[in-house]
Each structure stands twice: as C-alpha cells, then as structure tokens.
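Colleague: Can you put the model up and take me through it? I'd like to ask as we go.

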Amino acid sequence: MDFSFLSDPYYYSLCLYTIAFFSVPIHFFGAYVILFQTPHTMRHVKWVMFNLHFWNSWLDLTMSLFSQPFVIPPVFGGFFLGILNPLGVDMRLQVYIMVTLIMMVGVSTIAIFENRFFLLFAENSWWRYGRVVLYTMNYALALLYFVPTVILIPDQNLARQVIFKMYPQVKPFDTPEHPVYVVAYDHEIRKYIGYRQLISLGTVIAEGSTFLFLLHFNIWNSIRKMTMSQNTLRMQRAFLKAVYMQIAIPAIIMIVPQIVMVILGYLYRNSPEMNSLAYLLMSVHGVSATLIMLYFHAPYKEYCSKLFCRKFQVVKVEANRASTTGTDVLPLKI
C-alpha cells in the first residue's frame with residue numbers, strides 16, 4: 001500500500017483530525033461509564049480506572065488534535081500541526097506535555113496493580129504508608145524526569161543551520177508556516193535523551209512487574225493456605241485478565257511503532273511516511289484502551305449492551321456481597 005501521501009503535512013494532519021473526530025466521543029463515553037456506571041461494590045477500583053482512562057485520553061488527544069507531531073527523520077525533531085500552534089503555545093512546552101503524558105500513562109498503569117495488591121493483601125500493613133511515598137515519587141518522576149531534556153533543546157537558529165547542512169533532504173520540509181523544530185542535533189545529547197527514555201521505560205516495567213509478582217505470589221499463597229475462597233479467586237483472576245487486556249493491547253499499539261522506527265532509523269531506512277504512520281497508530285492508543293475496557297469488564301459491557309443492543313445478553317458474575325473491600329472487583333463474563 002502506498003503511504004506516500006503521509007509525507008505531506010496537510011494530509012497527515014487531516015488523518016489525525018479524522019481520528020480525533022471519532023475518538024473524542026468515545027473518550028467522553030468511557031469516562032461517563034466509569035464515573036456513573038461502576039457499581040458501588042466496585043468503588044475501590046473506580047478511581048484508579050478513571051485515572052488511567054484520563055491520562056490515556058489526554059495522550060490520545062494531544063497526538064491527534066492538540067499537538068499533532070510531524071517527525072522528520074533523520075532529524076531529532078520536526079514540527080507540530082495541531083490546534084495549539086495557532087494559539088501560540090511554545091514548541092518547547094508542547095514537547096514537554098507529550099513526553100510527560102506518556103510517563104503519566106505509565107505510572108497510572110502501575111497504580112492499578114498496586115491498588116489491587118494493597119486492597120487484597122497489604123491494607124493493614126506498613127505499606128499503607130509506603131504507598132504514599134511510591135505515588136509521590138512516581139508522579140514527581142512523571143512531571144520532572146524530562147525537564148532536563150526540554151532545557152537542553154538548542155537555540156533554533158543555530159540548530160536549523162547545522163541540521164540543514166547535515167541533512168539537506170530536510171530543507172524542503174521547512175516552511176514559514178511550519179519551520180523545522182530541532183529537539184537535539186548533538187549526537188551525545190541525542191544519546192543522553194535516548195538513555196533517559198530507556199531508564200524511564202525500565203522504571204515503569206520494573207515497578208509494574210514487581211506488583212504483578214507480589215499479587216500473583218500472594219494469591220498463590222492464599223490458595224495454598226486456603227485463606228481465599230474459590231469465588232473470590234475466580235473474581236480476582238477475572239479482573240486481572242480484563243486489566244491485562246486493557247493494558248497489553250494498547251501498549252502494543254504504542255510500543256511496536258516506536259520499535260519499528262528505531263530499527264528503521266538504525267538501518268537508515270526511516271522515512272516521514274513511516275514516522276507519520278507510526279504516530280497515527282499511536283494516536284489510537286487511548287481509544288483502543290477505552291473500547292477494550294468497555295468490552296472486557298462485565299458491568300460496563302452489560303451497560304453498553306443494554307444501551308446499544310438490547311437483545312444481547314451478558315452473563316454477569318455477581319460480586320460477593322459479603323466480600324471485603326479488598327476483593328471488590330469488576331467481574332467478567334465467563
């Protein structure tokens with residue numbers, strides 16, 4: 001398939017506006033369902049679910065509507081085409097918003113697994129104090145980690161002269177309406193930024209994996225000691241399965257295009273078309289998370305089926321009314 005039209009900023013921006021047109025109502029609907037259709041017995045997962053949905057939605061809308069990054073390889077930069085541009089929002093600020101939102105999505109994902117571990121196994125332990133430190137650290141990390149990257153953005157007049165000499169093929173993309181914005185041109189600084197990205201991703205993966213391990217280990221230990229009922233166990237597994245799907249599929253949509261861009265970049269085969277296609281895919285990350293959430297969590301699926309398809313019946317697993325707050329979950333259709 002020919003994607004050459006994506007090298008034209010006009011058509012690329014048009015594709016992103018089309019995505020935003022369909023995604024905005026989906027994001028609002030997802031927020032409404034979480035806030036007003038989550039059963040009271042599941043109140044302890046309501047806010048962590050909404051927190052993740054909120055940051056997913058803003059990341060989506062930043063990519064598809066507000067900023068619309070048009071990256072030009074091999075330059076570490078490009079320009080923005082979104083609605084923030086005519087409003088005069090500084091490019092440096094737009095770069096900061098995008099990278100910070102990515103980190104916010106990561107720490108919000110960790111919060112879901114930590115919340116489940118805390119409610120099930122650590123509510124009456126020292127962790128009720130330790131988690132405050134963790135959340136403070138994580139959100140401070142999300143807000144501050146990429147500040148040095150933004151500070152190191154070079155003077156644009158000098159950077160553009162250097163870039164155009166190094167990569168003459170970039171010059172045609174530079175126009176008075178959309179001058180090329182260079183995030184970094186020095187090789188060492190680019191490596192430094194890359195290391196920071198890898199470290200931040202590694203931190204999110206390490207923390208998420210730790211809580212998953214603790215969660216599964218304690219569930220296994222509870223089964224061995226017969227301190228958890230089969231009904232509670234079934235509900236916990238159902239909830240975790242739904243969360244895995246809600247996180248894994250959007251994560252693939254977000255991460256795989258970036259991996260492809262990195263590989264093509266090292267092979268010197270990267271192109272504006274491929275970069276544009278990658279960002280188009282990444283801009284539906286939040287929408288995919290919302291749709292998967294609505295499908296795999298049974299209370300939400302039941303509400304949607306009644307609203308959009310009354311003939312469709314969902315078999316609902318009733319939550320144990322006698323369960324503690326630690327076992328409140330969103331049951332699945334099974």
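Colleague: What covers the buried residues of helix 6?

Modeller: Strand 3 is included in that cover. Bear in mind that this is a predicted model.

Colleague: Which residues of helix 6 are buried, then?

Modeller: Gln-156, Ala-159, Ile-163 and Phe-164. Their arc around the axis is only 125°, so they sit on the same side of helix 6.

Colleague: And which exposed residues are on the face turned away from the buried side?

Modeller: That face of helix 6 carries Asn-157, Gln-161 and Lys-165.

Colleague: Back to Gln-156. Why does Gln-156 count as buried?

Modeller: Because its relative accessibility is 17%, and the cut-off for buried is under 20%.

Colleague: What does Gln-156 touch, not counting residues up to four places away in sequence?

Modeller: Val-180, Tyr-181 and Val-182. Strand 3 runs over 181-184.

Colleague: What happens at the start of helix 6?

Modeller: A side-chain oxygen of Asp-155 comes to within 3.3 Å of the backbone nitrogen of Asn-157 there.

Colleague: Now the loop between helix 6 and strand 3. Is Glu-177 in that loop buried or exposed?

Modeller: Glu-177 is exposed, since its relative accessible area is 60% and exposed means over 50%.

Colleague: How far is the C-alpha atom of Glu-177 from that of Leu-81?

Modeller: The separation is 9.7 Å, while along the chain the two are 96 residues apart.

Colleague: Different topic. How do helix 2 and helix 10 pack?

Modeller: Helix 2, residues 43-66, and helix 10, residues 285-296, pack at about 145°, and their axes are 7 Å apart.

Colleague: Which residues meet there?

Modeller: From helix 2 they are Met-49, His-53, Asn-56, Leu-59 and Asp-60. From helix 10 they are His-285, Gly-286, Val-287, Ala-289, Thr-290 and Met-293.

Colleague: How many of those are nonpolar, polar and charged?

Modeller: The contact of helix 2 with helix 10 has 5 nonpolar, 5 polar and 1 charged.

Colleague: What about the backbone? Which peptide bond is cis?

Modeller: The one from Pro-73 to Pro-74, with omega near 0°. Pro-74 is in the loop between strand 1 (69-71) and strand 2 (76-80).

Colleague: And what is the phi of Gln-68?

Modeller: Positive, about 55°, although Gln-68 is not a glycine. Gln-68 is in the loop between helix 2 and strand 1, and counts as buried because its relative accessibility is 0%.

Colleague: Last thing, confidence. What is the mean pLDDT of the chain?

Modeller: The mean is 85, and 90% of the residues reach 70 or more.

Colleague: Where is the pLDDT below 50?

Modeller: Over residues 314-334. That stretch has 62 contacts in the model beyond near neighbours in sequence. Where pLDDT is low, predicted coordinates should not be read in detail.

Colleague: And which elements have the lowest and highest mean pLDDT?

Modeller: Helix 8, residues 230-266, has the lowest at 79, and helix 1, residues 9-37, has the highest at 95.

How values were computed:
Residues are numbered from 1 along each chain as its sequence is written. This is a predicted model: local features need pLDDT of at least 70, side-chain atom pairs count only at pLDDT 80 or more; totals for chains, interfaces and linings use all residues. Side-chain values use heavy atoms; hydrogens and water are left out. Helices (H or I, at least four residues) and strands (E, at least two) are DSSP runs, numbered from the N terminus. Buried means under 20% relative accessible area, exposed over 50%, partly exposed in between (1.4 Å probe, protein chains only). pLDDT is the predictor's confidence in each residue, from 0 to 100. Contact means heavy atoms within 4.5 Å. The arc is that of the directions from the helix axis to the C-beta atoms. A polar contact is a pair of N or O atoms within 3.5 Å; within protein, one must be able to donate a hydrogen and the other to accept it, and residues adjacent in sequence count only if both atoms are side-chain atoms. Axes are lines fitted to C-alpha atoms, for helices over the stretch in contact, and angles run from 0 to 180 degrees between N-to-C directions. Ala, Val, Leu, Ile, Met, Phe, Trp, Tyr, Cys and Pro count as nonpolar, Asp, Glu, Lys and Arg as charged, and the others, Gly among them, as polar.
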